[in-house]
Amino acid sequence: MKKISLGLIGFGTIGTGVVKLLNENGSLISERLGIGVQLSKIADIDIKRSRGIPVDQGVLTTDAYEILNDPHIDIVIELMGGYEPAKTFILEAINRGKHVVTANKALLALHGNEIFNAAVKKGVNIGFEASVGGTIPIIKTIKESLVANKIRSLSGIVNGTSNLILSKMTDEGKAFDVVLKEAQSLGFAEADPTYDIEGIDAAHKLAILLSLCFGKKVRLEDIYREGISHISEQDIAFSKELGYRIKLLAIAIERPEGIEARLHPTMIAFDHLLANVNGNFNAFHLMCDAADSVFLFGQGSGMMPTASAVLSDIADIARDIRKGIAGRIPPRVLDEEGIGDIRLMPFDQIRTSYYFRFSAVDRPGVLSRISGILGANDISIKAVIQKGRGVGESVPIVMTTYKARECDVRKALADIDRIDVVMGKTMLIRIEDDNC
Ligand code: HSE
């Protein structure tokens, strides 16, 4: 049986998962592909630490160039993460005519265009299924299964850590800080959780998905991003009362004015499929012109689920190698010729529904002042809840709205927050009733 040779750069958690999966299912994979798959070299700065799996010591090296310069290696698997030297290694591998598989979402979100162009020019494959949604085949689904469709919208839960935190806040009624500490002590959240809780990781994934669905490149800083660290247990309780659950959603919608792309905590109806994706799971909902509604669900992270996605890319490339072809499926769904940059719709022009929580002194006339400002800014109120009575103290007043324009909402809230009886900054959470 013909054999293909793999070189792995980065022997961390996912790298270990890849080696483990090859140890356990390597023969099955080779049988399915009709081609042998052999891991020839593994490069990492630490080759001493035990990974708890059997590894042939002869394949380990601290020098990634032993992989890049080895003419027998067909596929370079980059699992070291970060920008550099990962980018250099990937480009060097491509320049040497090697196919590449990577899970590096931060790198692809920022430099995907350059890397994809280099791969297309050189006629090699680049697989990155593991970069978004872990084990969920969202990239293959968009590029291959839905190739005959116009994707009208995509909404996704793309960060397991923040979904776990929001789920626990909802189910256990605990505060954000308490749940975050618990998640950290159980190893579900990083010691520095910024990337996950401030939506940075999720924005990277949204940028990659946008480039697959809608065009060439998007500047990360042009995507509206808001994390979950300001969500209080009070907001969770009100959302339940209103029939919603709060999820950190990545949203992309095709509009006549351009692509609406945003990432923020979102209230969705409690019976929506996405509202019922809990714990550290990820999910995607796509609305397409022909396929209609498509929903994908699964583990978005973790050693073995992510390794499964890496191996699926390796299998695709191995099948192409067996047939003597490459570049059959381009990195993006759109043909490289004439592919344009993505035209994003200005965020302040989006129209959605809103939840506001005002902190206001409990006194006659306060509601009419707030609703007067909302009305003057073309914002129509759908429901109002006031909890408790506090003589001379502030009480929470919650309002939901019908669809309004983001710029009108911002102007109205700036005016409301200046009223003497409104204490502190108003909390705003967007509600999606029909876009997702
Ligand atoms: N840290 C990510 C998450 C997984 O919590 O989903 C890797 O992208």
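How many residues of the lining of the largest pocket are nonpolar, polar and charged? They divide into 18 nonpolar, 22 polar and eight charged. Here Ala, Val, Leu, Ile, Met, Phe, Trp, Tyr, Cys and Pro count as nonpolar, Asp, Glu, Lys and Arg as charged, and the others, Gly among them, as polar.

This is a predicted model, in which local features need pLDDT of at least 70 and side-chain atom pairs pLDDT 80 or more, while totals for chains, interfaces and linings use all residues. Residues are numbered from 1 along each chain as its sequence is written, and side-chain values use heavy atoms, with hydrogens and water left out.

**View 1. The largest pocket.** Its volume is about 1300 Å³. A pocket is an open set of points on a 1 Å grid over the protein atoms alone, with protein on both sides within 12 Å along at least five of seven lines; lining residues have an atom within 4 Å of a point. Points are joined across faces, edges and corners, and a volume is the space filled by probe spheres set on them. The lining counts 48 residues, and Thr13, Ile14, Lys105, Glu190 and Asp201 are the closest to the centre. Helices α1 (13-33), α4 (105-122), α6, α8 (194-197), α9 and α11 each supply at least two lining residues. Helices (H or I, at least four residues) and strands (E, at least two) are DSSP runs, numbered from the N terminus.

**View 2. The ligand and its shell.** The ligand takes up space that is the largest pocket; to sit there, more than half of its atoms must lie within 2 Å of the grid points. Around it are Lys105, Asn159, Gly160, Thr161, Asp196, Asp201, Lys205 and Ser301, each with a heavy atom within 4 Å. This shell has no nonpolar, four polar and four charged residues.

View 3. A polar contact pairs N or O atoms within 3.5 Å. A polar side-chain atom of Lys105 lies 2.7 Å from a ligand oxygen atom. For Asn159, a polar side-chain atom lies 3.4 Å from a ligand oxygen. Gly160 uses a backbone N or O atom, 2.6 Å from an oxygen of the ligand.

**View 4. The largest cavity.** About 240 Å³ of space lies here. In a cavity, a 1.4 Å probe fits but cannot get out. Of 17 lining residues, Ile126, Lys143, Asp313, Asp316 and Ile329 are the closest to the centre. α11 gives the most to the lining, with five residues.

Notes. A polar contact is a pair of N or O atoms within 3.5 Å; within protein, one must be able to donate a hydrogen and the other to accept it, and residues adjacent in sequence count only if both atoms are side-chain atoms.
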